[in-house]
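User: Hi, could you walk me through where the ligands sit in this structure and what surrounds them?

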Amino acid sequence: MELKIGVIGTGAIGMDHIQRLTYKTKGAKVVAVSDINVERAQQIAQEIGAKFVESGEELIRLPEVDAVVVTSWDPTHEGYVLEAIKNKKYVFCEKPLAVEVEGCKRIVDEEIKLGKKLVQVGYMRRYDQGYEEIKELLDSRKLGEVLMLHCAHRNPGVDESYTTPMAVENSVVHEIDVLRWLLKENYVAAQVILPKRTTSAHKELHDPQIVILETESGIHIDIEIFVNCHYGYDIKCEVMCENGMVSLTDPAFSSVRMEGKDFTKVSSDWKDRFVKAYDREFQLWVDSVKADELNGPNAWDGYVAAITSTACSKARDTGERVQIQLDECPDLYKNSLVLA
Ligand code: NAI
Ligand code: ISE
């Protein structure tokens, strides 16, 4: 039987996920959509034969909606996720789970009260083949202990609404989640360095930034975030171990040699770079909802990501090394680092 889904937010990624759920994901159907941009939401609803609903809350309560996908602006996530939990519906929420740590905690508390995991957060890099292969190799311990990671997260450009804190809260938050999953360790400290600023950044944005994280066992991770790199969307991850090194390659399928040069395509944006990861993420989410047992990034992972990014923001603002302290992981989420 098809899983009937309601989507809240028909902007860039909302449209992408609606297309994916409609034309690629097996066993799913988008039956309702909502957005404060009524015109766009009505248009996509008509195109795919779904119902347009005035408000997100109303959509969540529709009896024909089995599960909800939240792809609206960050500050709206918490309210919609809480409403879905209240109505005992599975909810896939794009990152971040909530804009404040306290908001993530409220979601975790509601799930614990219910005694069941209903929430999955959109940390799709866990479904990328490159990261999965790195994880498999690290888990085999063939390379020995992990010592350091060198990562980069580069976007070709951003608009004026993207400000200094968003470098961590909107972008590096992906590395925060996927590297914790890769290493199966939490972070204990964060530092942020603000190097020479590019002339391409608008006045509310310090770009690039370098985030340094330390894990429980002392692994050091440096992450360059540079959102005006111009040449494309580029994600790097190099893991240096005692007996060798493993790193992501770029997912290009061909290269051209011409006039004494070798050209290889660089992805243009996240939709293109992680298309297969998003496809897998949604297929597995739909399958797990139907099986009544989620196994992807959960509300606790969303909460840990929020605590870590808040520590990074404090480190950036104070110029200091900030300690990260987590509460004990509640029973409901135990083993979350080995799942997904
Ligand atoms: P966008 O600005 O293109 O779309 C957001 C949509 O939310 C807009 O259509 C807006 O009208 C709608 N909206 C705002 N308030 C609303 C409300 N109260 N109720 C219903 N709809 C409302 O933004 P984009 O890029 O699509 O991002 C959406 C979310 O997805 C963000 O939270 C972002 O962090 C996340 N995202 C995740 C990515 C990933 O790689 N996992 C990639 C891009 C975005
Ligand atoms: C965007 O919101 C995303 O989530 C993308 O995956 C990320 O790479 C980009 O930097 C963010 O702005």
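This is a predicted model: local features need pLDDT of at least 70, side-chain atom pairs count only at pLDDT 80 or more; totals for chains, interfaces and linings use all residues.

User: Okay, ligand 1 then: how many residues surround it, and which are the closest?

Analyst: Ligand 1 is surrounded by 24 residues, and the closest of them are Asp 35, Arg 40, Asp 74, Tyr 80 and Tyr 278.

User: What kinds of residues make up that shell?

Analyst: Sorted by class, the shell around ligand 1 holds 10 polar residues, 9 nonpolar ones and 5 charged ones.

User: And which polar side-chain atoms lie by the oxygen or nitrogen atoms of ligand 1?

Analyst: For the oxygen atoms, the side chain of Asp 35 has an N or O atom 2.7 Å from an oxygen of ligand 1, while Trp 73 places a polar side-chain atom 2.8 Å from an oxygen of the ligand. On the nitrogen side, Glu 94 has a polar side-chain atom 2.9 Å from a nitrogen atom of ligand 1. As for how covered the ligand is, it would expose 850 Å² if taken alone, and the protein buries 84% of that area.

User: Which helices give two or more residues to the shell around ligand 1?

Analyst: Those elements are α1, which spans 12-23, α4, which spans 77-86, and α7, which spans 166-183.

User: Switching to ligand 2, what surrounds that one?

Analyst: The residues around ligand 2 include Lys 95, Met 124, His 153, Asn 155 and Tyr 162, and Asn 170, Ser 171, His 174, Tyr 233 and Trp 270 are also among them. By class, this shell has 5 polar, 4 nonpolar and 1 charged residue. The element that gives the most to it is α7, with 3 residues.

User: Which side chains have polar atoms by the oxygens of ligand 2?

Analyst: The side chain of His 153 has an N or O atom 2.7 Å from an oxygen atom of ligand 2, and a polar side-chain atom of Asn 170 also lies 2.7 Å from an oxygen of this ligand. His 174 has a polar side-chain atom 2.8 Å from an oxygen atom of ligand 2. If ligand 2 is taken alone, it exposes 300 Å², of which the protein buries 86%.

User: How much space lies in it, and what lines it?

Analyst: The largest pocket contains about 1,200 Å³ of space. Its lining consists of 42 residues, and those nearest the centre are Ala 12, Ile 13, Trp 73, Asp 74 and Asn 170. In that lining there are 19 polar, 15 nonpolar and 8 charged residues. At least two lining residues come from each of α1, α4 and α7, with α7 giving the most, namely 4 residues.

User: What about the second largest pocket?

Analyst: About 610 Å³ of space lies in that one. It is lined by 29 residues, and the closest to its centre are Asp 128, Gln 129, Pro 251, Phe 253 and Arg 273. Its lining is made of 13 nonpolar, 10 charged and 6 polar residues.

User: And which element gives the most there?

Analyst: That is α6, which gives 5 residues to the lining of the second largest pocket. Among the elements that each supply at least two residues there are the strands β11 (234-241) and β12 (245-247), as well as the helices α8 (270-273) and α9 (275-290).

Definitions and conventions
Residues are numbered from 1 along each chain as its sequence is written. Chains are lettered from A and ligands numbered from 1 in the order in which they are written. Side-chain values use heavy atoms; hydrogens and water are left out. A residue is near a molecule or strand if one of its heavy atoms lies within 4 Å of it. A polar contact is a pair of N or O atoms within 3.5 Å; within protein, one must be able to donate a hydrogen and the other to accept it, and residues adjacent in sequence count only if both atoms are side-chain atoms. Accessible areas come from the Shrake-Rupley method with a 1.4 Å probe; for residues, only the protein chains shown count as cover. Ala, Val, Leu, Ile, Met, Phe, Trp, Tyr, Cys and Pro count as nonpolar, Asp, Glu, Lys and Arg as charged, and the others, Gly among them, as polar. On a 1 Å grid over the protein atoms alone, a cavity is a set of points where a 1.4 Å probe fits but cannot get out, and a pocket is an open set with protein on both sides within 12 Å along at least five of seven lines; lining residues have an atom within 4 Å of a point. Grid points are joined across faces, edges and corners, and a volume is the space filled by probe spheres set on the points.
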